[in-house]
Amino acid sequence: MFVEHLPDDRGQAHTLEAFTAALLLVAGLIFATQATAVTPLSASTSNQHVENQVSIAAQDLLTTTGESGNLTAALLYYDGDGFVNASDDGSYAGVPPESHPLHDPLEEAFGDRQIAFDIEVSYPEDGGNRTGDTTMVDMGTPSDNAATASVRVALYGDDRFGADGDERALAENGSASYLAPPVDADRPAVLYTVVEVRITAWQM
């Protein structure tokens, strides 16, 4: 019995079809790569790593300056109208001057790493019914990848504040001169108040 084999061009069609699909796939990948702009602030593993490093640096700074007493000294470096040698609004626009207790720690943690930061001080007002805040350092609006760290600091009635750090006791001047009022106006000489210092840092 004779079986006639007719020319079969389906193989060529399948090859052409596979080649076209591969070409479309490669073109799609190239388009997706070109359409995604990769910037230093784009979300990525490396940016997450930088954010973690900034967060650790901020928390370490708060811990070490808290233990050394420099953080309390920085909170008391206040002269009634704002932090000593600050700008007209009472805050610093960058790393505080060399006389400031946090100058060296901030320079070491952020100064040479192109990292901007804000420092806010929050405290209870109206007997603890609401919260007030004062800016110590304002370097701008944080990016979406900013990291934060905070710590609470107790201030006592005999702590002295001012340009030289010993001009007036907190209990003697109260909220008229210091940035925060006493948490208990009837007994300011004991525990004056507890403030929260918060650092928000981000890579420029």
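**The salt bridges and their surroundings**

Modeller: The side chains of Glu196 and Arg152 meet in a salt bridge, with a distance of 4.0 Å from N to O. This pair connects distant parts of the chain, since Glu196 belongs to strand β6 (residues 191–203) and Arg152 to strand β3, 44 residues apart. A salt bridge here is a side-chain nitrogen of Lys or Arg within 4 Å of a carboxyl oxygen of Asp or Glu. Strands (E, at least two residues) and helices (H or I, at least four residues) are DSSP runs, numbered from the N terminus.

Some notes on the source are needed. The model is predicted, so local features need pLDDT of at least 70 and side-chain atom pairs count only at pLDDT 80 or more, whereas totals for chains, interfaces and linings use all residues. Residues are numbered from 1 along each chain as its sequence is written, and side-chain values use heavy atoms, with hydrogens and water left out. The term pLDDT denotes the predictor's confidence in each residue, from 0 to 100. The protein has a mean pLDDT of 85, and 86% of its residues reach 70 or more.

To return to the charged residues, side chains of opposite charge can pair when their charged atoms come close. Exposure is described by relative accessible area: buried means under 20%, exposed over 50%, and partly exposed in between, with a 1.4 Å probe and protein chains only. Arg152 is exposed because its relative accessible area is 67%. Glu196 counts as partly exposed because its relative accessibility is 24%. Glu196 also forms a salt bridge with Arg198, where the closest N and O atoms are 3.6 Å apart. Arg198 is partly exposed, at 28% relative accessible area. Through shared partners, the salt bridges join Arg152, Glu196 and Arg198 into one network.

By this rule, three salt bridges are counted. Among them is the one between the side chains of Arg130 and Glu125, at 3.0 Å from N to O. Glu125 counts as buried because its relative accessibility is 18%. Glu125 also stands opposite Arg130 of β2.

The strands around this pair deserve attention. Two strands pair if DSSP finds at least two bridges between them. Strand β1 (residues 115–125) pairs with strand β2 (residues 130–137) in the antiparallel sense, over seven bridges. Within this pairing, Val121 has Thr134 in β2 as its bridge partner. The two strands β1 and β2 make a hairpin with four residues between them, and Asp126 in the turn has a positive phi of about 50 degrees. Strand β1 also runs antiparallel to β6, to which eight bridges join it. Here Trp202 in β6 is the bridge partner of Ala116. Strand β1 is mostly covered, for ten of its eleven residues are buried.

Strand β3 (residues 147–156), which carries Arg152, also holds Tyr156. Tyr156 is partly exposed because its relative accessible area is 41%. Together with Val183, Val190, Leu191 and Val194, Tyr156 forms a nonpolar patch on the surface, with about 390 Å² of accessible area together. Patches are made of residues with over 30% relative accessible area and no salt bridge; like charges are joined within 9 Å, and nonpolar side chains (Val, Leu, Ile, Met, Phe, Trp, Tyr) within 5 Å. The areas come from the Shrake-Rupley method with a 1.4 Å probe, and for residues only the protein chains shown count as cover.
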